[in-house]
Every structure is written in C-alpha cells, then in structure tokens.
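The sequence and structure come first.

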Amino acid sequence: MASFNPVMAVLLIPICTAALLAALPGYRLTARLNVVASLATFVSALSLFVIDRPPPGPYVLIDDLNIVFIVLNTFVGFTTSIFSASYIAHELETGRLTPVYLRFYHAMFQTMMFGMNLAFVSNNIGLMWVAVEIATLTTVLMVGIYRTHAALEAAWKYFILGSVGIALALFGTILVYMAARPVVGEGQDGMIWTLLIQHAAKFDPALLNVAFIFLFLGYGTKVGLAPLHAWLPDAHAEGPTPISAVLSGLLLNVALYALLRFKILLAANPAAISPGPLMVTMGLVSVVFAAFMLYRRRDIKRLFAYSSIEHMGIIVFAFGMGGPLANFAGLLHMVMHSLTKSAIFYAVGHISQIKGTQRISRIRGLTVTHPALGWGLVVGVVAIAGLPPLGIFMSEFLVVSSTFARQPLLAIVLVFGLLLAFGALTLRLTTVAFGAPRGSTASAEASYVPMFAHLALVLGAGIYLPAPLVLWFQHVAQLLG
Amino acid sequence: MQMHSLAFDISHTLAGGLVLISFMMLYQDRLYSLLNVFALHALVLALSVAWQAYVQDAPHLYVTAVIALVFKAIVIPVALHRIVKQLGIHRDIESAVGIGPTMLAGMGLVALSMVLMLRVTADADPLAREDLAFALSVVLLGLLVMVTRRNAVSQVVGFMSLENGLVLAATGAKGMPLVVEISVAFSILIAFIVIGIFLFRIRERFDSVDVSALDDFRGERR
C-alpha cells in the first residue's frame, strides 16, 4: 500500500473519469460509472485519516483543516451522484436533456469535483485560485445546460459576477505575493501557503490589508455574501437540481475555505487589520437580508437558495467572531448545512419533477401524496430552520450563546435574523407539505437513500457527537485562531 | 543607472498607455470601434509584457506576451466582429449612464487606485508600485465598462480589459510564478465566453438586459 497516494487519487480519479465519461455513450453505463468514481474518490479521501500524510510540498498540502473539507466534499459528491442518476433518468425521459448533453453533464460533474478537490489540497495560492476558477466554470456551464432563456440568463449572470469575483481574488493573490516577496524571496516560494504563514509576521501589513480586502470581496462573491450574492438564487433555480445541491453544499464551502486560509494568514501578522469585524458585518447583513428575502419567494429552489445565503452568513459570522468556541460552531454549522441543504435539494429535485413546476403555489399536500418525499422535506426544513434535536440547532445554539457571552448586541441581531428565517421557512413548509394535495400525484421513481442518509447523519450529530470528532473539530478550531 | 531609468520610463509609458486606452473604451458608442480599441489595448499589453520579459530577463513572460498578442489582439476581436455581423446585433451601444458621468467616475477610480496603491506600497520598489497602481486603474475601469454597458459583447470586452489589468499586475510583480498558467487560464475563460455567446446565441441578450424581463422568468413578479 506504500505506493497508494490518496492525494493523487482524489485528484486523478475525477479527472480521468471525466475524460472517460465524455467519451462513453449510454445513460446506464455512464451514470453507474459516475457513482462508482465518486465512491472511489470518497474512499480515497477517507484513507487520508489513516495513511501517513505526505509532507507539504510546493503544490500539495494536507493538514487537519482541509481533511474535513475534502471528506465532506467527496461524501456529498458521492451521494449527489446517486441522486443525479435517478434525477437525470427522468430528465432524459421527458426530453429536457439529450444524450449529447448527458455526456457533457457527467464529464462536467467530475471536472467540477476535480476542481474543488484541487482547491482544497493546494498549498499554492495561485494554484488554489486556478482550481476555484475551474470549479466555477464547470458549474456555469451546467447551470446553462437546459438552454432555456431563463437558464442562459442565469448562467450569464453567474458567469459575469463570478468572473469579476475571481478577478478581484486574483488581484488580491498578486498583492499577497508582492507582500511576501521581500521576505520569502522571489519565485515559487512567495506563493506557498505554508511558507507564507511562517513568515507572515514580517510582511508589510498595509499591503496585506489591501490584499485581504480584494480577496474577501473576490471569494466573498462566490460564498454568496449579501451585497454580492445576486448570481446565487438564479444559478440555483435554473440549473439541474443535482447542481443546485452541490452549489449550495460544496462550491460555497470551497470559496469559504479559500477565505479561511487567508484569514489565518492575516491573523499571523499582528500589525495587519483583524479580518473579524469585516466578516462579522457581512455575515450579519447576509443573515438578516436573506431572512427578509425568504418571505417573497415563489419558487421553491429559489427559496432554499436564499436559505443558503442565510446559512453562509451565519458561518462567516461565526468564523469572524473567532475564538475556539465560535470557530468550532462555525465548522460544525458548515458541515451540517452542507448535509442538510443537499438533502433538501434531493427532495426538491424529485418533487419538482413530479409536479412539473417549481412554483410553491402549485405544490400542496406532499405528505399525503408522496409520504417519503414529503416527510423527508419536512425533516430537512425543520433541520435547516434550526429546530432541536437536529444538528443545525446545536451549531446555531453554539454560535448564538458564544456571541451572547462576548457581544450581546450582535447576538440580538443574529437571533432576530434566525427567527425571521425560521418564520418564513415554516410558513412555506406548511403550505407545501400539508393540506389538500395539488398538482400531479404520479408516483416517484426517486432515490431516497442519499436524502435519508444525510438526514440521519444530521439527526445523529444533533443527538450525539462522537468524542474523536469533537476533539478533531476543537483542534481545527484552534488552528483557525 | 541611465539604462535602468530608460527601462523604467518605457514600462511606465506602456502601463500609462493602457490606462489611457481604457479611458477610450469608456466613450465608444459603436461596437466595432469598441472592438478596435480593445485590440489596441491588447497590443499595448503585449508590448508591455514583452518589455517586462526583457527587463526582468524572464523568458517565460514572452509566452504570456505572445498569448496576449495572438489571442486577445487578433483572434478574439476578429471572432467578435464576425459574431456581431452574423447575428445582426445592434451596432450602437446602449449605455446605462451618460458619457460625462462615466468619464468623471473613471477619473475618480484612477485617482482612488493611485492614492491607495502608492500609499500602501511605500516600501516596494518604484517600478512595481507604479505598475500596480496602473494595473488597479485598468481593473477598475474595466469594471466600469462592464457596469455602464448594457449589451453582452461590450460586457465581455469590459471583462477582457479588466483581465488585461490583472496580467499587467502579475507581470509587474517581479518573479511571480504561474503568470503564464494564469494567462492561459484566463484565455480559456474568455474563449468560453465567446463560444458561449456564439453557440448559445443569446441574441436577446445583445439588445438589452432588461431586469424586469428577468423577473418574469423567475415567476416572482406579483
């Protein structure tokens, strides 16, 4: 087993599969291959826990922080590939996707997984930027895959805003290199994160500050923070639902991860500004703004897209507050949100296929007509709204209580936002899930396993978090400062 | 010393030229002339990068310069010309804001980036800091083109000029690795946009980006 390199595996499996999927015809074979490859990637990611880590090289870094992200990423990627198989089968039947586009879709799915994994393992801030760009491009193409007017509109908007965000992030990256050059030296070394962090204390603080502003705006656009979020709801609503699930569950995390890396870098320089207040402000604005916006949604995928903005706001807020407890809560919330939100999108995907619409007003009484999907959605929404005993309740409780201890005023604003969002979600849930059925009652050929697996994990985490996991998260929370 | 200051002056002139051409983009009201100005922008960028390659003795930057010249100064403008002709897009550019306010905003942005960058990089070597200030100006002016123009082709042109600013910044940062890779990645990005326009033929996009029309698609208008 000495020759088995899990890092190369999580990169090579997706990219090779992508090439293969682009070449192979037929739905059955390719959908299965997609699932198998995603499973293999997930297993390789898991093996990072047991196999000795490679020492940080010029391009690749594995540490306690990114293992969490990689494992979560590959796991949700794997369950999404199962969901996607049954979702896509329906899309082929109804003719929304042609076989050519199916090949394209599968190849892009794996390329996206490659891009995200590369962003997580890269130790080079330039390489990380390139990887985020790859992941963005592939999702842009998938958002526009239905080629309806609305889908192209959404893809264009996502593309333009995403590119501007990524351009600002690149400018920030160049500035970090400029700050590092006098200390670390010219060339490659000035972009290696592990070297940067060692010498960060000696960097020019003014340059580092400006760099962080650019990075924050750039990657913040991709996280979907409030004034920069405009692309997010459209991209979620118009693309295929598996893509909405990975957008919310994974791609936002990739940008968040990039942001956290640079936050750690800034924290290592005592003279630089503290990134905390900036993150806290944007986080709070996102929470409150998204909570208000939830009330006016008529489209079910858009509803949950705004809920993602709200939750990314909470996470960024928690990391902005900093300290072991808030970081722990932020990390836990990120994991719980990824699992819950993708489970919700799995349910919503099947529901909108059965009903033939995404309009909330045309979906009624799901628990009567489709008990499994309906109750799955109920549990998911209860979880995302933050009710006990599910995992999100615990992480939100930790965020709020740690904030109350330090900044009671901020905590009040946060709680206000949370309650608003809770109200909006329950309002919509009651109309969608209960009452007299409306719309098609055709039976569903759905894959329930991914959805219920995620929900079971979220429920399990809410009731009992295993001690090793808590220790791991505490350790990572300390790394985050 | 004499040689150094000549090198400095030339790269200064080229970078300043880029800012000036960015300004020229702000007041073009015809698509074809906008594309021509962009080709000029890319040409000056290629010269600037080539000059940096010579001054810094960094042969890999010549690759970046050639990419800028072939791809951005020739291939893309020609392709966009053909798209405009074939799709019969309106050749007048509808702008969301008048030329006067746009130019004023542009001057404000350039002043802002000069003040910000020169103050922040007080310790860096003069060539790099002024290069960086010019680069940020080009980036911000590119953004301005994108927000003040309504049709897709001119938004793409705005984005490409923004990107030229980034390449200028990256080449100005002496010894920065991955410059070539980044310029390739960006070129792919642009190719995607152009192909996207061409294949998807989002013709409606070219005439207007009417936000109220977007609301209809969302099904969220009351």
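**Interface of chains A and B**

The model is predicted. In it, 46 residues from chain B and 43 residues from chain A take part in the contact between the two chains. The area buried between chain B and chain A is about 4,200 Å², and carbon and sulfur atoms give 74% of that area. Between these chains the count of salt bridges is 0. Polar contact across the interface of chain B and chain A is found for 1 residue pair, with both residues at pLDDT 80 or more. On the side of chain B that touches chain A, at least two residues each come from α4 (99-120), α5 (126-148), α6 (152-172), α7 (179-200), α8 (203-207) and α9 (211-218) of chain B. The largest share of that side, 9 residues, is supplied by α7(B). Sorted by class, the side of chain B that touches chain A holds 34 nonpolar, 4 polar and 8 charged residues.

**Helix α15 of chain A**

Helix α15 of chain A covers residues 371-385, which is 15 residues. From its first C-alpha to its last, α15(A) reaches 21 Å, close to the 21 Å expected at 1.5 Å a residue. The buried residues of α15(A) include A:Leu373, A:Leu377, A:Val378, A:Val381 and A:Ile384. Glycines are also among them, namely A:Gly374, A:Gly376 and A:Gly380. Which helices do the buried residues of α15(A) pack against? The partners, in chain A, are α12 (300-321), α13 (323-355), α14 (366-369), α16 (391-406), α17 (408-433) and α18 (449-463). After α15(A) comes A:Gly386, with a positive phi near 90°.

**Two single residues**

The table gives the accessibility of one residue from each chain.

| Residue | Relative accessibility | Class |
|---|---|---|
| B:Gln52 | 2% | buried |
| A:Gly439 | 48% | partly exposed |

B:Gln52 lies in helix α2 of chain B, residues 31-56. B:Gln52 counts as buried because its relative accessible area is 2%, and buried means under 20%. Apart from neighbours within four places in sequence, B:Gln52 is in contact with B:Ser11, B:Asp57, B:Leu61, B:Asp131 and B:Thr171.

A:Gly439 is placed in the loop between α17 and α18 of chain A. With neighbours within four places in sequence left aside, A:Gly439 is in contact with A:Lys355 and A:Arg362. A:Gly439 and A:Thr369 are 70 residues apart in sequence, and their C-alpha atoms are 10.0 Å apart in space.

Methods. Residues numbered from 1 in each chain as written. Chains lettered and ligands numbered in written order. Predicted model: local features only at pLDDT ≥ 70, side-chain atom pairs only at ≥ 80, totals over all residues. Heavy atoms only, no water. Helix = DSSP H or I, 4+ residues; strand = E, 2+ residues; numbered from the N terminus. Expected span 1.5 Å × (residues − 1). Buried < 20%, exposed > 50% of the residue type's maximum accessible area, 1.4 Å probe, protein only. Contact = heavy atoms within 4.5 Å. Buried area = accessible area lost by both parts, 1.4 Å probe. Salt bridge = Lys/Arg side-chain N within 4 Å of Asp/Glu carboxyl O. Polar contact = N/O pair within 3.5 Å; in protein donor to acceptor, adjacent residues only side chain to side chain. Nonpolar A, V, L, I, M, F, W, Y, C, P; charged D, E, K, R; others polar.
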